[in-house]
Every structure is written in structure tokens, then in C-alpha cells.
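Keep the structure open while you read. Follow each stop by residue number.

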Amino acid sequence: MMQLLNGNEVSKIIKANIKEQVLKIKADGGKTPHLAAILVGSDGASITYVAAKEKDCEEVGFNSTILRFDASISEENLIAEVEKINQNKDIDGLIVQLPLPKQINEKRITEAISYKKDVDGFHPMNVGMMFKGLETFLPATPYGVIQLLAHYNIETSGKNCVIIGRSDIVGKPMSALMLQKNCTVTVCHSKTVNLSDFTKNADIIIAAIGIPLFLKANMVKEGAVVVDVGITRVEDSNSKNGYKLMGDVDFKSVAPKCSFITPVPGGVGPMTRVALLLNTLDAVKRYPNH
Ligand code: NAD
């Protein structure tokens, strides 16, 4: 019997737990976690993402601040703004919403954020710590996937895990985390030859590509666990926003073969959001004096 990996439901449970911890911290006279987000320019998707993060903070009792800058801001000035937040004792976590305008080098901004406030887990220091298996801020999407698999007690030890995609924010960190969970990990990508030879042997498939309906039923073995990270906006005149979200997995044909599968939406998306909250709460505990 196929079972859904219900990210909406699991994220609600984790959020309730975070909320309880925050109430306790406040009751004990501790510091309210505070997340700051830098938003540069007026990209529609970025505005939506940052607003969602603000709403999530409010829901669990965190403070949040959105710092908005014009798309024309220079790299130097943006770095100065990041440094101000690094020095601000009240702010525990800082995220810079990507993508940034062309004149700004994302790598330089990522590296300007203090690793102690880097709740996106993109700073090389945190990436290194994650690869060594040290406790640190984990990138939100892979961290969310790990939490989702754990919630359903999905066995990872000794399992063949195929990850499709090798980006710095999803595929690569996902491979490090599944390796730590004792999987035998294969990372497939755009240059992989005969990709389905790998996926057909996989006990767990994590698709993070960005191509709707990429993973078909004939690429998946019976009983596999399938996690669909992909989100692509596709025009849809029947929907009230004019678009719908599509994953990388051909859900209709793949789901009947699976033991577990994530829906899109309602799978990895809400888990990614809650993972950022977990990191922000950890920031207060891990680096109380920044
Ligand atoms: P990316 O574009 O940086 O990386 C895509 C990866 O897919 C690349 O490593 C590439 O090698 C691989 N790829 C491309 N074409 C391929 C092909 N034909 N065969 C095999 N591999 C191929 O994307 P990303 O940032 O890693 O995001 C991947 C997807 O996940 C996107 O749809 C994105 O919107 C989504 N995403 C979702 C969440 C979430 O919260 N659910 C978070 C982050 C990203």
C-alpha cells in the first residue's frame, strides 16, 4: 500500500513543537528567536517566499524583520548591510533571498554573513561542518527531507539512494546527509548516462531537477520511496493564480509503485519552510552570544 509523505501534516506537528519551546524560553526569561531576511528588488516569487517566512515566524512566536533594498543597491552597500546585522545582538538568523541582481556576486554575500547567523546553511564554514557530520545549520530543503523521512520511520541504513540533481542548495547537501544516514548514495545529474539504470535500482529516489514529470513509472522499482523536491510553475488557466505547481515526478503513474511518495504541493515545500524555523531556534541555543 502506497503511503503519502504528508509534509503539510508533519510540518504542523514540528511547528507546534517549536511554538511550545518558544513559549518556554520566553517564560524562563530567555531570548525570543529573531530571523532577519534581506530582500533585494521586487521579484514576485522572492516577495512571496519572504512573506511566507515572515508568516511562519509569527506563527511560532519568533520575531522577524524584513530589510528591503532597491534592485540597484551596490554589492559594497549590501555587504555593509549584512555586516550591520552580523553585529546586531538581537538578530539570531539572517537569510538573503536569492536570486540577487546581476551586479551582486551571490558568493560574496553568502560569505559575508556570519556563519553563526547563517540559518540557510550556505556559508562554506557550515557546508564544511555538515560534510564532516558536525552539528550545524543544514540547508533547509535537505534538512526538511531528512525530517520527513524520520517522521515516517523510513529505513535508510544500507539502502540505495539515488539523488537526481547536484545543486549547492539541494542535491549536493542531500547526498551528504543521506550518506550520514548510512545510505549507499548515487548522485545523478544532467551529464549522467543511462540515468534510469540507477533509478531502477534505488530504494529511495530524491528528485531535485526542475523538469515537470521527469521521473516516470518505468524508471522506478516496486516499493521505492520517492521524494519530489521539484517545483515548476506551469501556466494553468483553470487555477485562480493562473499557474499550478508541478513536481519532477509523474505522480499519477509513479505513486502506485511506491511504498511512500511526496505529493506536490504539500510534500517537501512545507518541510523546507519548517526547517528554516528549526535552524533559527537552534541559532539561539547554539550561539547565544553570536
Ligand atoms: P538547479 O537548477 O540548481 O539544479 C538542477 C539540477 O538538476 C542540476 O544539478 C542538474 O544537473 C540536474 N538536471 C538538469 N537536467 C537534468 C536531466 N535532464 N537529467 C538529470 N539531471 C538533470 O535547481 P535546484 O535549486 O537544485 O532546484 C531543483 C528543483 O527543486 C527546482 O524545481 C526547484 O524549484 C525545486 N526546489 C524546491 C524546493 C522546495 O522547497 N520544495 C526548494 C529548493 C528547490
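Predicted model: local features only at pLDDT ≥ 70, side-chain atom pairs only at ≥ 80, totals over all residues.

Begin with helix α2, residues 44-60. How far apart are its end C-alpha atoms? The helix has 17 residues, and at 1.5 Å a residue it should span 24 Å. The end C-alpha atoms are 25 Å apart, which agrees. Now look at which residues of α2 are hidden. Ser-46, Val-50, Ala-52, Asp-56, Cys-57 and Val-60 are buried. Look down the axis of α2 and these buried residues fall within an arc of 155°, so they line one face of the helix. The face turned away from that buried side carries the exposed residues Lys-55 and Glu-58.

Strand β2 is worth a stop of its own. His-34 is found in this strand. Is His-34 buried or exposed? Its relative accessible area is 8%, and buried means under 20%, so His-34 is buried. The side chain of His-34 makes a polar contact of 2.8 Å with the side chain of Asp-90. Leave out residues up to four places away in sequence, and His-34 still touches Asn-63, Ser-64, Thr-65, Asp-90, Ile-91, Asp-92, Gly-93 and Thr-280.

Next, find the ligand. How many residues surround the ligand? There are 21, and the closest are Arg-166, Ser-167, Val-229, Ile-231 and Thr-272. Three of these deserve a look at the level of atoms. In Arg-166, a backbone N or O atom lies 2.7 Å from an oxygen atom of the ligand. In Ser-167, an N or O atom of the side chain is 2.5 Å from a ligand oxygen atom. In Val-229, a backbone N or O atom lies 3.3 Å from a nitrogen atom of the ligand. The ligand taken alone exposes 850 Å², and the protein buries 70% of that. Helix α10 gives the largest share of the shell around the ligand, with three residues.

Helix α7 covers residues 171-180. It is mostly covered, with seven of its 10 residues buried. Those buried residues are Gly-171, Pro-173, Met-174, Ser-175, Ala-176, Leu-177 and Met-178. They pack against α5, α6 (140-151), β5 (160-164), β6 (184-188) and β7 (204-207). Just after α7, Asn-182 takes a positive phi of about 70°.

His-123 sits in the loop between α4 (106-112) and α5 (124-132). Its relative accessible area is 14%, so His-123 is buried. The side chain of His-123 reaches the backbone nitrogen of Met-125 at 2.9 Å. Beyond its neighbours within four places in sequence, His-123 is in contact with Thr-110, Glu-111, Ile-113, Tyr-115 and Asp-118. The other residue, Phe-260, is found in strand β11 (residues 260-261). At 17% relative accessibility, Phe-260 also counts as buried. Its contacts outside four places in sequence are Gln-3, Leu-5, Tyr-152, Ile-154, Ala-224, Val-225 and Val-226.

Last, turn to the backbone. Most residues other than glycine have a negative phi, and most peptide bonds are trans. With that in mind, which bond joins Leu-98 to Pro-99? The peptide bond is cis, with omega near 0°. Pro-99 lies in the loop between β4 (93-96) and α4. A cis peptide bond also joins Val-264 and Pro-265, with omega about 0°. Pro-265 has its place in the loop between β11 and α10. Asn-153 is not a glycine, yet it has a positive phi of about 50°. This residue is found in the loop between α6 and β5. With a relative accessible area of 68%, Asn-153 is exposed. Asn-194 is not a glycine either, and its phi is positive at about 50°. Asn-194 lies in the loop between β6 and α8 (195-199).

Key: Residues numbered from 1 in each chain as written. Heavy atoms only, no water. Helix = DSSP H or I, 4+ residues; strand = E, 2+ residues; numbered from the N terminus. Expected span 1.5 Å × (residues − 1). Buried < 20%, exposed > 50% of the residue type's maximum accessible area, 1.4 Å probe, protein only. Arc of directions from axis to C-beta. Near = heavy atom within 4 Å. Polar contact = N/O pair within 3.5 Å; in protein donor to acceptor, adjacent residues only side chain to side chain. Areas by Shrake-Rupley, 256 points an atom, 1.4 Å probe, with all protein chains shown as cover. Contact = heavy atoms within 4.5 Å.
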